[in-house]
Amino acid sequence: MTKPGPISERFLSLFLLMISIMLLSLSFSSQPEAKKFHVGGKDGWVLKPSEDYNHWASKNRFQVNDTLHFKYNKLYDSVLVVKKEDYDSCNVNNPMQRMDDGDSTFKLSNSGLYFFISGNVDNCNNGEKLIILVMAVRHKQQVAPPPPERDLPPREDDPSTLVPMAQAPKKANSGSGKRVDVSFGVGAVIMYLSFGAGLV
């Protein structure tokens, strides 16, 4: 069997290079960049927004480390982070966090549900409230680096010394009584292309 020609060597080299680059890019990819969401869009945090807050939230995907920006009139309103039961009943007396500076930012530090209501109980009872669902963090699988070169088997220049990976059944040659032995499997060809082309 002859060595692969220059076109085969170039194709195999490019193929192996592309695989290496893909593996490296997967191992170095990081979490998506955090986003800042303006609650209520141009309306901000108000009593009667042009779009219901929970409808607005359902159209967005919130990730850990994203932030919510609440813009409102601090003389008449505020934002409370509350538990679900306080969200349901518009209880403004037991907030987990209170924001009342008129221009507030809240970081979504964990996955799960967050409940926000207006600090003005009448506004809350009239629909100024919001539920945010933050998606769970997906941990990317680490890609194992290729083994160091010293751990690779010794290079084989002579294809006749390669051990066949698979053998086809021996077939009788009609008329002559001799048998043809087919002993080069796909694995041997791939090993030859790798080692014989001098790429490893």
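Start by selecting His 69. Leaving aside residues up to four places away in sequence, His 69 touches Lys 36, Phe 37, His 38, Val 39, Asp 103, Ser 104 and Thr 105. Keep in mind as you click around that this is a predicted model. His 69 is found in strand E2. Is His 69 buried or exposed? His 69 is buried, because its relative accessible area is 13% and the cut-off for buried is under 20%.

Now colour E1, E2 and E5. These three strands form an open sheet in the order E1-E2-E5, and the pairing is mixed. The edge strands are E1 (36-38) and E5, each of which pairs on one side only. From one strand to the next, the twist averages 25°.

Zoom in on E2 (residues 67-71) and E5: they run antiparallel, joined by five bridges. Two positions make handy landmarks. Which residue of E5 does His 69 stand opposite? That would be Thr 105. Lys 71, for its part, stands opposite Asp 103 in E5.

Stay on E5 (residues 103-107) and show its side chains. Ser 104 and Phe 106 belong to the covered face, while Asp 103, Thr 105 and Lys 107 make up the uncovered one.

Across the whole structure, a search finds eight aromatic pairs.

Begin with Trp 45 and Phe 70. Their ring centres are 5.2 Å apart and the planes are at 85°, so the pair is edge-to-face. The pair links distant parts of the chain: Trp 45 sits in the loop between E1 and H2, Phe 70 in strand E2, 25 residues apart. Trp 45 is buried, with a relative accessible area of 1%, and Phe 70 counts as buried at 0%.

Then move to Phe 106 and Phe 116, another edge-to-face pair, with 5.2 Å centre to centre and 85° between the planes. Phe 106 is in strand E5 and Phe 116 in strand E6 (residues 112-118), 10 residues apart, and this pair too links distant parts of the chain. Phe 106 is buried, at a relative accessible area of 8%, and Phe 116 counts as buried at 0%.

**The four-stranded sheet**

Follow E6 onward and colour E3, E4 and E7 along with it. These four strands form an open sheet in the order E4-E3-E6-E7, with antiparallel pairing. Strands E4 (97-99) and E7 (129-134) stand at the edges with a single partner strand each, so one side of each is left without a neighbour in the sheet. The twist here averages 25° from one strand to the next.

For a close-up, pick E3 (residues 79-82) and E4, which run antiparallel and are joined by three bridges. Click Leu 80 and look across to E4: its bridge partner there is Arg 98.

While you are in this area of the sequence list, select Lys 129 and Tyr 87. Lys 129 lies over the face of the Tyr 87 ring, at 4.4 Å from the ring centre.

Most residues other than glycine have a negative phi.

- Asn 65 has a positive phi of about 85° although it is not a glycine. Look for Asn 65 in the loop between helix H2 (53-58) and E2, where it is partly exposed, with a relative accessible area of 39%.
- Cys 90 has a positive phi of about 55°, and it is not a glycine either. Cys 90 is placed in the loop between helix H3 (84-89) and E4. Cys 90 is buried, with a relative accessible area of 5%.

**Zoom out**

Finally, go back to the cartoon of the entire chain. How many helices and strands does the chain have? Five helices and nine strands. Buried residues make up 28% of the 200 residues. The chain exposes about 14100 Å², with carbon and sulfur atoms supplying 57% of it. Among contacts with a separation of 6 or more, 68% come from residues 24 or more positions apart.

Note on methods:
Residues numbered from 1 in each chain as written. Predicted model: local features only at pLDDT ≥ 70, side-chain atom pairs only at ≥ 80, totals over all residues. Heavy atoms only, no water. Buried < 20%, exposed > 50% of the residue type's maximum accessible area, 1.4 Å probe, protein only. Helix = DSSP H or I, 4+ residues; strand = E, 2+ residues; numbered from the N terminus. Pairing = 2+ DSSP bridges. Contact = heavy atoms within 4.5 Å. Areas by Shrake-Rupley, 256 points an atom, 1.4 Å probe, with all protein chains shown as cover. Axes fitted to C-alpha atoms, helices over the stretch in contact; angles between N-to-C directions. Phe/Tyr/Trp six-rings, centres within 6.5 Å; stacked < 30°, edge-to-face > 60°. Lys NZ or Arg CZ within 6 Å of the ring centre and 35° of its normal.
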